[in-house]
Structures are given as structure tokens and as C-alpha cells.
Amino acid sequence: MSQILIKSLDEIEKVKKACRIVAKVLAAVGKKVKAGISTEDLDKIADELIRKQGAEPVFIGYRGYRHATCISVNEEIVHGIPGKKILQEGDIVSLDVGAKIGGYCGDTAATFPVGKISRKAARLVRFCKSALQAGIRQARAGNHLGDISAAVKNVADQAGYSVVRELYGHGIGKDLHEEPLIPNFGNPGEGPKLRAGMVLAIEPMLNIGGWKIRTLSDGWTVVTADQSLSSHFEHTILITEKGPEILTLRGNE
Ligand code: MF3
Ligand code: CO
Ligand code: CO
């Protein structure tokens, strides 16, 4: 049973507002990603910036989560808890930001380099970003959900990376997570038909090694089972009659 909500024009305006805020915060905090800063300091900057714009950090309180962002370093895939960890030259840092304003949510993530990173890491990050772009290109009215999933997986396959199979993208609106689940693997032409007015958070997670994951004893941080590097990018997009509109675009992308 799939019940993918079609947003009204009024709802779309509200989602757009939340998305502009998270995009701005991700860009600003991304600039602070440097050797020597702790992940809790990055989170604090994000929290303040979200609130300054009149929004709430929507991750706080979500299933008991207590921070404005998820910050996942190197072999951490997603849901890294901000803390005392100090970033070091060569790390890759996936920052995920969510906010709610006027009752609607935005959600976006990107992987940032800390100083100079290895060619291996840079290649992973580049392909994860292009996997997201390939998925977004398929987010058109008349296509099927599987077209998005297959496009993401295809980029990962071509590049020789695995995609995480147990975590998904999602619809988004009043709730941070709405239907449908958006796997990063699947078959073209399968799954529900996409329609104008759907708002989706598409979020590939690519690993250099295998697809298997493990959750740390903190109950949140998801890491690659083989400790290989992982990258995560996420945009909230709107399907329009004319094609996908990326609502969380950052000016500097
Ligand atoms: N932002 C994550 C996602 O992309 C969800 C984070 S939930 C939290 O779906 F509780 F960990 F913050
Ligand atoms: Co997110
Ligand atoms: Co998301």
C-alpha cells in the first residue's frame, strides 16, 4: 500500500522555505569543516543558524535523537552523533541537516573533504554526488520510483562502489520521513508512478568496500562493516510538470 502525498501549492511553498534554510545551513557549516574543529562545534553552529532563521532542528526529538545534525566521518555512513571527535586532514565528513518551519520539513546532506584528501576518497565523493544527480534526473512525472533507484545504483556499479541496502531516501513534508521509501537499488519501471507535487528526499550512500553495515553501541552511528570509506549526499526535490526541481540547492554547487 503506497500513499505518496501530493502537496498543494501552499504546502510546496512551506517545504521550499524549510529547504532554503537547510541548504543555507549546510553551505555555511560545510565551510567550517576544517582540521581541528570538533563535530559538536559544527553541530552547535548548525543549531544556532537553524534557529536564527526561525526554524527548528527537526532531528532533535526524532526517535530520541538529541542533535541538530548528523555528522559521519570516514567509515561512518550516516547518523553519526556530534561529539568530541576532532576532524583531521584527510577525513571525509558527511553532514546531514534537517529543519522544520511552518509545519514543514527540509532535509539535505553532503560529504565534505577536510583539507587535502586521498584520490581514493575524492573519487568516492565525486561519484556519490553524481549518483544523486543521476537519481534526481529520473524524478519525473510518469516515471516510476524504481527509475530513481536504478539510476543511483547504476552510477555506483559503474564506478565499482557498493550502495547501502538497509537505509533509504524518503518522501518528506509535514513529517521528516513520509512514504515512499526510496531504495538506492531497484529496477527501472517498477514501484509507484511518480507525479507532479511529490516531494522526495533522495539520498545515496556509497561505500568503497562492501554494502554491509553495523550500528555502533551508541545506538545511532551506522558504519561500514568492513571499515571502508563511505559518502552520503541528499537533496530534497519537488517533481513538477517540467521535471525535478532541487529545493535544497546551495549557491556554491
Ligand atoms: N536526515 C536523516 C535522513 O536523511 C534522518 C536523521 S534522523 C536523526 O533521513 F534522528 F538521526 F537525526
Ligand atoms: Co538527511
Ligand atoms: Co533524509
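A polar side-chain atom of His170 lies 3.1 Å from an oxygen atom of ligand 1 in this predicted model. The side chain of Asp96 places an N or O atom 3.0 Å from a nitrogen atom of ligand 1. For Asp107, an N or O atom of the side chain is 3.0 Å from an oxygen atom of ligand 1. Polar contacts here are pairs of N or O atoms within 3.5 Å. The protein covers 97% of the 340 Å² of accessible area that ligand 1 has on its own; such areas come from the Shrake-Rupley method with a 1.4 Å probe.

Residues around ligand 1 (a heavy atom within 4 Å) include Phe59, Tyr62, Tyr65, Cys70, His79, His177 and Trp220. The shell divides into 5 nonpolar, 3 polar and 4 charged residues. Tyr and Cys count as nonpolar, and Asp and Glu as charged.

Two cobalt ions complete the site description. Ligand 2 is coordinated by Asp96 through two OD entries, by Asp107 (OD) and by Glu234 (OE), at 2.0 to 2.4 Å. Donors are N, O and S atoms within 2.8 Å of the metal (3.2 Å for Na, K and Ca). Along the chain, the donors of ligand 2 follow the spacing D-x10-D-x126-E. The arrangement is irregular because the 6 donor atoms around ligand 2 subtend angles of 57 to 167°. Six donors count as octahedral if opposite donors are over 155 degrees apart and all others between 65 and 115.

Asp107 bridges the two cobalt ions, which lie 3.2 Å apart.

Residues are numbered from 1 along each chain as written, with chains lettered from A and ligands numbered from 1 in written order. In this predicted model, local features need pLDDT of at least 70, side-chain atom pairs count only at pLDDT 80 or more, and totals for chains, interfaces and linings use all residues, while side-chain values use heavy atoms, without hydrogens and water.

Conventions
Polar contact = N/O pair within 3.5 Å; in protein donor to acceptor, adjacent residues only side chain to side chain. Tetrahedral: all angles 85-135°; square planar, octahedral: opposite > 155°, others 65-115°.
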